[in-house]
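Q: Can you walk me through this model? I want the layout, then a few residues.

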Amino acid sequence: MQLPEHGANPRYVYTRLGMEPPGRILDFSENCNPEGPPQAVLDSWPELATHLQNYPDPSGEPFLSRVATYHGGSDEAVLVGNGAAEVLSLIAERYRGKRAIVVHPTFSEYEATLVAKGVEIERIIASEADGFALPVGLIEEKLMEASVLYICTPNNPTGVLPTEMELLSLIVKAGEIGCEVVLDEAFIDFVDESRSFIPKVKDFPHCLVVRSMTKMYAIPGIRLGYVVATPDVITSLKSGAPHWNVNGVAAKIGAVCLNEVEYRERAVRHAAERRADMASFLVNYGCVVTDSSANFLSFRLRDGLDSRELYADMLARGIVLRHSENFVGMDGRWLRIGMKSVLELDELKRELADWFSGRNS
Ligand SMILES: Cc1ncc(COP(=O)(O)O)c(C=O)c1O
């Protein structure tokens with residue numbers, strides 16, 4: 001039986017597998033900032049409620065201009081959306097009936113939104129043997145035949161961050177042959193803003209950079225994301241967007257979030273420390289771990305151990321990992337762990353240690 005797809009929906013997994021959900025579930029399949037939304041957002045709640053009776057600003061203010069200043073660009077180069085998910089859907093329309101390259105394993109929504117617009121998909125699979133690094137050579141061979149290349153940086157579910165050289169070489173080549181490039185930077189906040197491609201978009205007008213507010217600011221429920229591109233591209237994407245596509249409360253929350261410098265620094269530090277700790281724990285048990293730069297990592301068990309069995313046993317203990325059965329190129333052998341609080345990760349390590357202890361090499 002195929003395991004159900006379940007990003008951040010742990011109860012659904014139990015129901016689909018016919019298992020009784022335990023009273024307490026620790027969900028490591030989800031990968032938002034474990035600190036929760038910034039305190040400033042929670043503090044502004046009573047004031048936000050007073051705006052419920054007002055229509056939102058149609059261009060998504062005050063978020064729109066806050067995004068523009070955050071990146072040192074202009075409002076005309078930004079389109080805000082109801083989550084990066086909506087932005088990806090608007091972008092897919094741009095390639096209707098054309099051909100797109102999607103590099104796997106990666107976030108499933110690229111293909112889902114493109115296929116919905118009749119886009120033909122050329123899949124390129126990053127190899128496990130190369131640590132899931134971007135297969136630049138393979139991609140370059142296929143660029144000629146495509147209208148767009150999608151790259152997730154850092155990638156979900158591996159967390160691998162393409163090098164600046166890899167990205168630049170692909171982007172330059174794509175520009176020469178008229179292929180657009182969509183960079184999804186949903187998790188780049190956990191790396192460093194200096195690794196974002198956004199400042200370079202003005203020099204590479206065939207690039208569109210997608211960002212999500214969900215992950216860093218732990219606000220998946222509010223739905224907020226944006227895309228930065230040339231003003232021409234933004235105007236054309238905007239023509240496909242519904243009026244008031246960003247609600248007024250979300251637009252105010254987004255503007256508050258972008259002021260949170262210390263909150264962001266704490267999150268980057270936490271993710272790096274927890275990732276290093278979890279990676280060395282897993283390597284001690286013979287696992288192979290991805291070289292992640294995000295607030296999650298993926299790992300596979302040493303040969304002879306069954307990741308499906310581990311996944312099921314953890315479920316029975318109330319621990320939900322993210323399986324990889326629907327990630328092309330991972331074939332279910334890998335599992336992803338979101339970096340939660342120290343206490344939660346310690347509990348996960350205790351349960352994993354117990355599981356491994358019954359399986360000596
Ligand atoms: C790589 C990646 N991009 C985009 C999204 C969508 O983000 P949002 O919540 O802003 O729609 C996700 C959500 O999981 C993601 O993993």
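A: The chat below goes from ground rules to overall layout, then to packing and single residues.

Q: What are the ground rules?
A: This is a predicted model, where local features need pLDDT of at least 70, side-chain atom pairs count only at pLDDT 80 or more, and totals for chains, interfaces and linings use all residues. Residues are numbered from 1 along each chain as its sequence is written, and side-chain values use heavy atoms, with hydrogens and water left out.

Q: How many helices and strands does the protein chain have?
A: The protein chain has 14 helices and 13 strands. Both are DSSP runs numbered from the N terminus: helices are H or I with at least four residues, strands are E with at least two.

Q: How does the radius of gyration sit against the globule rule?
A: It is 21 Å, close to the 21 Å the rule gives for 361 residues, so the protein chain is as compact as a globular protein of that length. The radius is taken over C-alpha atoms, and the rule is 2.2 Å times the number of residues to the power 0.38.

Q: What does the C-alpha trace span along its principal axes?
A: About 60 × 55 × 35 Å.

Q: Which domains is the protein chain divided into?
A: Domain 1 (10-30 + 262-357) and domain 2 (39-259). The bounds come from an automatic or database domain assignment. The contact between them takes 21 residues from domain 1 and 25 residues from domain 2. Contact means heavy atoms within 4.5 Å. The C-alpha centres of the two domains lie 26 Å apart.

Q: Switching to packing. What share of the residues is buried?
A: Buried residues make up 53% of the 361. Buried means under 20% relative accessible area, exposed over 50%, partly exposed in between (1.4 Å probe, protein chains only).

Q: Which residues touch the most other members in the largest nonpolar core?
A: Phe63, Leu149, Met213 and Tyr226, out of 57 residues. This core draws at least three residues from each of domain 1 and domain 2. A second, separate core of 30 residues includes Leu3, Leu282, Leu305 and Leu345. A nonpolar core is a set of buried Ala, Val, Leu, Ile, Met, Phe, Trp, Tyr and Cys residues joined through side-chain atoms within 4.5 Å.

Q: Now single residues. Where is Ala267 found?
A: In helix α12, residues 261-284. Ala267 counts as buried because its relative accessibility is 5%. Leaving aside neighbours within four places in sequence, Ala267 is in contact with Asn33, Phe190 and Met216.

Q: And how far apart are the C-alpha atoms of Ala267 and Tyr217?
A: They are separated by 9.2 Å, with the two residues 50 apart along the chain.

Q: Is Glu111 buried or exposed?
A: Glu111 is buried, at a relative accessible area of 13%. Glu111 lies in helix α6, residues 109-116. Its side chain makes a polar contact of 2.6 Å with that of His104. A polar contact is a pair of N or O atoms within 3.5 Å; within protein, one must be able to donate a hydrogen and the other to accept it, and residues adjacent in sequence count only if both atoms are side-chain atoms.

Q: What else does Glu111 touch?
A: Not counting residues up to four places away in sequence, Glu111 touches Val102, Ile121 and Arg123, among others.

Q: Last one: where is Asn155?
A: In the loop between β5 (148-152) and α8 (164-176). Asn155 is buried, with a relative accessible area of 11%. The side chains of Asn155 and Thr158 are joined by a polar contact of 3.3 Å. Beyond four places in sequence, Asn155 touches Pro105, Thr106, Val160 and Phe296.
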